[in-house]
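Reader: Can you walk me through this one? I'd like to start with the overall layout and then look at the helices.

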Amino acid sequence: MLILFNTMNTLINEVTVCTETPLYKLINRDLLRQLMQRTGTGTRINSRGLAEASGLSLGTISILLTGIRTEIPCENAHALADAVGVDVLVLFVPTGRSVPA
């Protein structure tokens, strides 16, 4: 909980701050493979190229494509979706609660 005060110590607002990084779950790894065959620019990209374009490690790309892991942090999901030229919700779905418990 973050409590905000103005310069006269009057309560302005109480804001709940989420310290956990939200995770996004890959909906379909085969869809990711298809999008790698023809990205938003019309070009083909391999795992190494996708890693470079998204700023993620090759290991992260590999474990997503093999299904070893299906969830990644929100920032990584957005970077991956951007690299293949689609909206993040085409490939991923947010996991967990959308509001604090």
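Author: What follows covers the fold order, then helix 1, then a helix pair. Bear in mind that this is a predicted model.

Reader: How many helices and strands does the protein chain have?

Author: There are 5 helices and 5 strands. Starting at the N terminus, their order is β-β-β-α-α-α-β-α-α-β.

Reader: What share of the residues is buried?

Author: Of the 101 residues in the protein chain, 27% are buried.

Reader: On to helix 1. Which residues are buried there?

Author: Helix 1 spans residues 29-37, and its buried residues are L32, L35 and M36. Viewed down the helix axis they fall within an arc of 105°, so they line one face of helix 1.

Reader: And what covers them?

Author: The cover includes strand 3 (23-26), helix 2, helix 3 (58-66), helix 4 and helix 5 (88-91).

Reader: What does N28 do at the start of helix 1?

Author: A side-chain oxygen of N28 comes to within 2.8 Å of the backbone nitrogen of D30.

Reader: Different topic. How do helix 2 and helix 4 cross?

Author: Helix 2 (residues 47-54) and helix 4 (residues 74-84) have axes that come within 8 Å and cross at roughly 120°. The crossing is right-handed.

Reader: Which residues meet there?

Author: From helix 2, L50, A53 and S54; from helix 4, A79, L80, A83 and V84. By class, that contact has 6 nonpolar residues, 1 polar and no charged ones.

Methods
Residues are numbered from 1 along each chain as its sequence is written. This is a predicted model: local features need pLDDT of at least 70, side-chain atom pairs count only at pLDDT 80 or more; totals for chains, interfaces and linings use all residues. Side-chain values use heavy atoms; hydrogens and water are left out. Axes are lines fitted to C-alpha atoms, for helices over the stretch in contact, and angles run from 0 to 180 degrees between N-to-C directions. Helices (H or I, at least four residues) and strands (E, at least two) are DSSP runs, numbered from the N terminus. A crossing is left-handed if the near helix is turned anticlockwise from the far one by less than a right angle, and right-handed if clockwise. Contact means heavy atoms within 4.5 Å. Ala, Val, Leu, Ile, Met, Phe, Trp, Tyr, Cys and Pro count as nonpolar, Asp, Glu, Lys and Arg as charged, and the others, Gly among them, as polar. Buried means under 20% relative accessible area, exposed over 50%, partly exposed in between (1.4 Å probe, protein chains only). The arc is that of the directions from the helix axis to the C-beta atoms. A polar contact is a pair of N or O atoms within 3.5 Å; within protein, one must be able to donate a hydrogen and the other to accept it, and residues adjacent in sequence count only if both atoms are side-chain atoms.
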